[in-house]
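Work through the following exercises with the sequence and the model side by side.

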Amino acid sequence: MGDTLLITTPATATAKRNRSDEETETKKKLMQPSLHTSDPAAAIASVRHEFGEHGGVNMSIEPSVTFTVMEPDTMRRMFAGEVGPDQDFYVYSRHFNPTVLNLSRLMAALEGTEAAYCTASGMSAISAALLQLVNTGEHVVASSSVYGGTHALLNHFLPRTSNITTTFVNISDIEKVNEAIVEGKTKVLYFESVSNPTLTVANIPELSRVAHRKGVTVVVDNTFTPMVISPTRLGADVVVHSISKFVSGGADIIAGAVCGSASLVNSMMDLHQGAIMLLGPTMNPKIAFELSERIPHLGIRMKEHSNRALAFSTRLKKLGLKVIYPGLEDHPNHELLKSIHNKEYGYGGIICIDMGTEERANKLMSYLQNYGQFGFMAVSLGYYETLMSCSGSSTSSELSSKEKALAGISPGLVRMSIGYIGTLEQKWSQLEKAIIRLQECGFANKN
Ligand SMILES: Cc1ncc(COP(=O)(O)O)c(C=O)c1O
């Protein structure tokens, strides 16, 4: 397929069939996307609004697996890559699907990239992007503090299946990152904008400079901080997402996205060499429709996640707990985050409390859920309710004790994804009540 500029495909065939040319042209003019804004909310609002087949304010869902052609030669031309989704020609929904493409345009706008494509999960987005960018025998440099599944993919799965090896480094040490990159062999520098679970903030401009000097592609997982941080606006090349988290917001859908250049996204759809086309982590168009209805209020949700996370972490600190939150002035990366975040979206919705031991961490979570009714003991994040888990024994359990120590994951680290349900004061009183009870029982360590 040619170099499709995926964000700016023309009006859908159905819209063209159902409206006069003049009306279609007027709507098209109304909906020209603007790619030049630095505010993710403004960029999302500038994506052309797709109307439904009957003029509905919501787009229609295109659930079809396959698509008809009027002439047999069109089929040949589609398979030869002479025509594609930019001219409204679709082949098969494991390749481009119109509804998934519409959601992908929103993701591209969110991340300020030329293109994007959505996948069935965050892990499939990460693995497809890495397999597209790195060949057998080549090398990745990755942050030692990444989500446990990603760590296992890089540490165990890719070396075994593909002879792709990874050197893990502390990305706060830029010189170590530079040393780990082997010119010619290292293809990707991989890290999370704010790391899971330690909340280390990546110096994206500096890391991108170091990588680009040696021709290395920078891939950033921005799952923790959509709207808050815009990695490609800071120098990164590719952004991957677990949409299952904040972007979805409902804890009811597993999904992912790869956001990057049109040439990368098109290469992932190549009939002979494309990781999305050939490995098939396809998103269902009905899911794509649901998610596209949630992205317009992502900014509002992120502001409130961040607002509550800052309020609770500030107050918890005053109660004497060891709180980790990059929005707090004493966090080692506070100034860095202040200098790179999109100010109106705050510092993100995740905080950690280090309880020292797993036993105390478990007590804290149990009190918060069963005594204070403050949140739920559950992995994942980005939900409207608060979710909490002890990372070392759950979402980072793939790491060995030594790897956890290197990543800075204490056995008593409780990760909390702060929800926005109820009022701030109502939720604070539940949180405070549980902590005070815990302290009375002698379980809460002091800062
Ligand atoms: C930072 C991060 N990236 C990627 C993933 C994987 O995403 P998914 O569960 O959607 O496959 C997760 C969590 O599961 C995560 O926390």
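**Exercise 1. In what order do the seven strands of the open sheet run, and which strands stand at its edges?**

Step 1. The seven strands follow the order β1-β7-β6-β5-β4-β2-β3 in an open sheet whose pairing is mixed; strands (E, at least two residues) and helices (H or I, at least four) are DSSP runs, numbered from the N terminus, and two strands pair if DSSP finds at least two bridges between them.

Step 2. Because β1 (115–119) and β3 (165–169) each have a single partner strand, they stand at the edges, and one side of each is left without a neighbour in the sheet.

Step 3. From one strand to the next, the twist averages 20°. Angles run from 0 to 180 degrees between N-to-C directions, with axes being lines fitted to C-alpha atoms, for helices over the stretch in contact.

Step 4. Within this sheet, β5 and β6 pair in the parallel sense over three bridges, and Val220 stands opposite Val239 in β6.

Before going on, note that this is a predicted model, in which local features need pLDDT of at least 70 and side-chain atom pairs count only at pLDDT 80 or more, while totals for chains, interfaces and linings use all residues. Residues are numbered from 1 along each chain as its sequence is written.

**Exercise 2. Locate the cis peptide bond and the residue other than glycine with a positive phi.**

Step 1. The background is that most residues other than glycine have a negative phi, and most peptide bonds are trans.

Step 2. Asn196 and Pro197 are joined by a cis peptide bond, with omega about 0°, and Pro197 lies in the loop between β4 (186–192) and α9 (204–213).

Step 3. Met227 has a phi near 70°, a positive value in a residue other than glycine, and Met227 is found in the loop between β5 (217–221) and β6 (238–242).

**Exercise 3. How many residues surround the ligand, and which are the closest?**

Step 1. The ligand is surrounded by 14 residues, the closest being Ser121, Gly122, Met123, Ser242 and Ser244; a residue is near a molecule if its C-beta atom, placed from the backbone, lies within 6 Å of it.

Step 2. At least two residues of the shell come from each of α6 (122–133) and α7 (148–162).

Step 3. By class, the shell has three nonpolar, nine polar and two charged residues.

**Exercise 4. Describe the five-stranded open sheet and the helices that lie across its strands.**

Step 1. The strand order is β8-β9-β12-β11-β10, with mixed pairing. β8 (323–324) and β10 (376–377) stand at the edges with a single partner strand each, so one side of each is left without a neighbour in the sheet.

Step 2. β9 (residues 350–354) pairs with β12 (residues 413–417) in the antiparallel sense over five bridges, and Ile350 has Ser417 as its bridge partner in β12.

Step 3. Helix α13 (residues 298–318) lies across β8 and β9, at about 20° to β9, whereas helix α15 (residues 358–371) lies across β9, β10, β11 (387–390) and β12, at about 160° to β11.

**Exercise 5. How many residues of domain 2 are in contact with domain 3?**

Step 1. The domain assignment, automatic or from a database, gives domain 1 (1–113 + 285–293), domain 2 (122–243) and domain 3 (297–440).

Step 2. 24 residues of domain 2 are in contact with 31 residues of domain 3.

Step 3. On the side of domain 2 that touches domain 3, α7 contributes the largest share, four residues, and the residues of that side divide into 13 nonpolar, eleven polar and no charged.

Conventions
Contact = placed C-beta atoms within 7 Å. Nonpolar A, V, L, I, M, F, W, Y, C, P; charged D, E, K, R; others polar.
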